[in-house]
Amino acid sequence: MNDNTALISEIKSLLGDSEHKAYVRSFGCQLNVSDGEKIKGQLKKMGYTFTESEAEADLIILNTCAVRESAEDRVFGIVGSMKKLKEQKPSLIIGIAGCMTAQSHVADKIKQSYTQVDFVLGTSAINALPKLLLEALKGAKFSADITEYDDFSEVAEQVRDSSFKASVPIMFGCNNFCTYCIVPYVRGRERSRRPEDIIAEVRGLVADGYKEIMLLGQNVNSYGNDLDGEMSFPKLLRELNSIEGDFIIRFMSSHPKDASKELIDTIFECEKVAKHLHLPVQSGSSEVLRRMNRRYSIEKYLEIVDYIRGKDPDFSLTTDIIVGFPNETDEEFRETINIVKSVTFDNIYSFIYSRRSGTKAAEMPDSTSDEVKSRRMRELLEVQREVSSEHYKRFIGRTMRVLVDDTAKKRDGWLTGKSSEFIIVEFEGDESLIGRFVNIKVTDAMNWAVVGELISG
Ligand code: 5AD
Ligand code: SF4
């Protein structure tokens, strides 16, 4: 890790005794949200406090996502609207971090067209934050650092958004180069964190009272491939499972090509590991999967599903699906619909294909119209709604162990939480239960959640 101590103390003395507020907003996946928590950790050391209001802020950092064009457009819109804020408060500093800025054409565009921005910071350059911020505080017009730092993973300080749910990145980057995906270009190659660092972090979190540990990686089940056989993902799960305490372990995302029987056996064997697997299928057509470079066929995917459901017919699976991959035919889309019906996912996260410049798929001819893609998306959502409503009924009458997240949005006096199966559970209860495990007897099922009665807190 870079030793930024000197830079951080220089910023601290420059800011002086008066309060300086930072607004940090993260977009996209949980790994990015975790990076945002590390950015906040750095800022806290410099003496910043935090605000949820852009207008109140002395420093704004947008931590961006590049997976789909819509996410980028949103950020450009927000940055555009910040021009006014900067005019009203010229001392305001605006920095853009994350996957979007790791693409040099985006960094150039920001420099040329968005003069309100003071600096851009790529994905692995969080260590460079003190340097760029100091330059901005000293009045530099624009600075950028989008080089990849390999040592970013062990930035220790974090300001976590939750006091009972913690994200723990276990690896960074991706080697898979799915043809639609920008991630390998903006996050670099796979790097696994040292197992002892992960275990120590989880131990510390459990000792601090965290109840849910979410292990993160673009492809978590290839964890350890770069560690010379010293540690694999199933082995890491077993090690974490043996830490004493009352907590649940989740992980995201798994690639079907690396979903071994050993991994599945481990999920069943480890009592602290959630009984849920997020296994992105992307498409129900082997031909589309080939064009996506996913390196499994739909038959191989179904073999994994069969192995899991052979052990527990009710096991909860969720998935990601891309609709409208270049030249996806009607028949190929039908295959996706069939898979959604036959696998009975508890939830799907579906996305219309978004062309990402620099990826292989961006060069593929695509004659499917946007209208057809939107129609397919609507149909997929409709089918999933039916599947979930039917499938959630299996929980009625059962008792679920639920980690209480928050108050329910629409019903006064109600709370919302997640079961081990990653199902949303709503029930009547007191706010003091937030952050605790409770047992809920399920009485009814909807298509997005189940409802029930509190049995014990
Ligand atoms: N267009 C649409 N969806 C995408 N995803 C990744 N890249 C794209 C893209 N170019 C989806 C995949 C992945 C999820 C995180 O985002 O389904 O699993
Ligand atoms: Fe993207 Fe594929 Fe890597 Fe996931 S596995 S981050 S979809 S390239």
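Gln 88 belongs to helix H3, which spans residues 69-88. In this predicted model, Gln 88 counts as exposed because its relative accessibility is 61%, and the cut-off for exposed is over 50%. The C-alpha atom of Gln 88 is separated by 9.5 Å from that of Ala 55, and the two residues are 33 apart along the chain.

**Ligand 1: the shell**

- The residues around ligand 1 include Val 67, Arg 68 and Tyr 180.
- Two strands, E13 (316-323) and E14 (347-352), each supply at least two residues of the shell around ligand 1.

- The side chain of Asp 320 places an N or O atom 2.6 Å from an oxygen atom of ligand 1.
- The side chain of Gln 282 has an N or O atom 2.7 Å from an oxygen atom of ligand 1.
- Ser 354 takes part through its backbone, where an N or O atom lies 2.8 Å from a nitrogen atom of ligand 1.
- On its own, ligand 1 has 410 Å² of accessible area, and the protein covers 85% of this area.

**Ligand 2: the shell**

- The residues around ligand 2 include Cys 174, Cys 178 and Cys 181. Asn 176, Phe 177, Tyr 180, Val 183 and Pro 184 are also among them, together with Gln 218, His 255 and Arg 294.
- The shell around ligand 2 divides into 7 nonpolar, 3 polar and 1 charged residues.

**Helix H12**

- Helix H12 comprises 14 residues, 330-343, and reaches 20 Å from its first C-alpha to its last, close to the 20 Å expected at 1.5 Å a residue.
- The buried residues in H12 are Glu 332, Phe 333, Thr 336, Ile 337, Ile 339, Val 340 and Val 343.
- These residues lie on the same side of H12 because they cover an arc of only 155° around the axis.
- An α-helix has 3.6 residues a turn, so residues three or four places apart point the same way.
- Glu 331 and Ser 342 are exposed on the other side of H12.

Technical notes: Residues are numbered from 1 along each chain as its sequence is written. Chains are lettered from A and ligands numbered from 1 in the order in which they are written. This is a predicted model: local features need pLDDT of at least 70, side-chain atom pairs count only at pLDDT 80 or more; totals for chains, interfaces and linings use all residues. Side-chain values use heavy atoms; hydrogens and water are left out. A residue is near a molecule or strand if one of its heavy atoms lies within 4 Å of it. A polar contact is a pair of N or O atoms within 3.5 Å; within protein, one must be able to donate a hydrogen and the other to accept it, and residues adjacent in sequence count only if both atoms are side-chain atoms. Accessible areas come from the Shrake-Rupley method with a 1.4 Å probe; for residues, only the protein chains shown count as cover. Helices (H or I, at least four residues) and strands (E, at least two) are DSSP runs, numbered from the N terminus. Ala, Val, Leu, Ile, Met, Phe, Trp, Tyr, Cys and Pro count as nonpolar, Asp, Glu, Lys and Arg as charged, and the others, Gly among them, as polar. Buried means under 20% relative accessible area, exposed over 50%, partly exposed in between (1.4 Å probe, protein chains only). The expected span of a helix is 1.5 Å times one less than its number of residues. The arc is that of the directions from the helix axis to the C-beta atoms.
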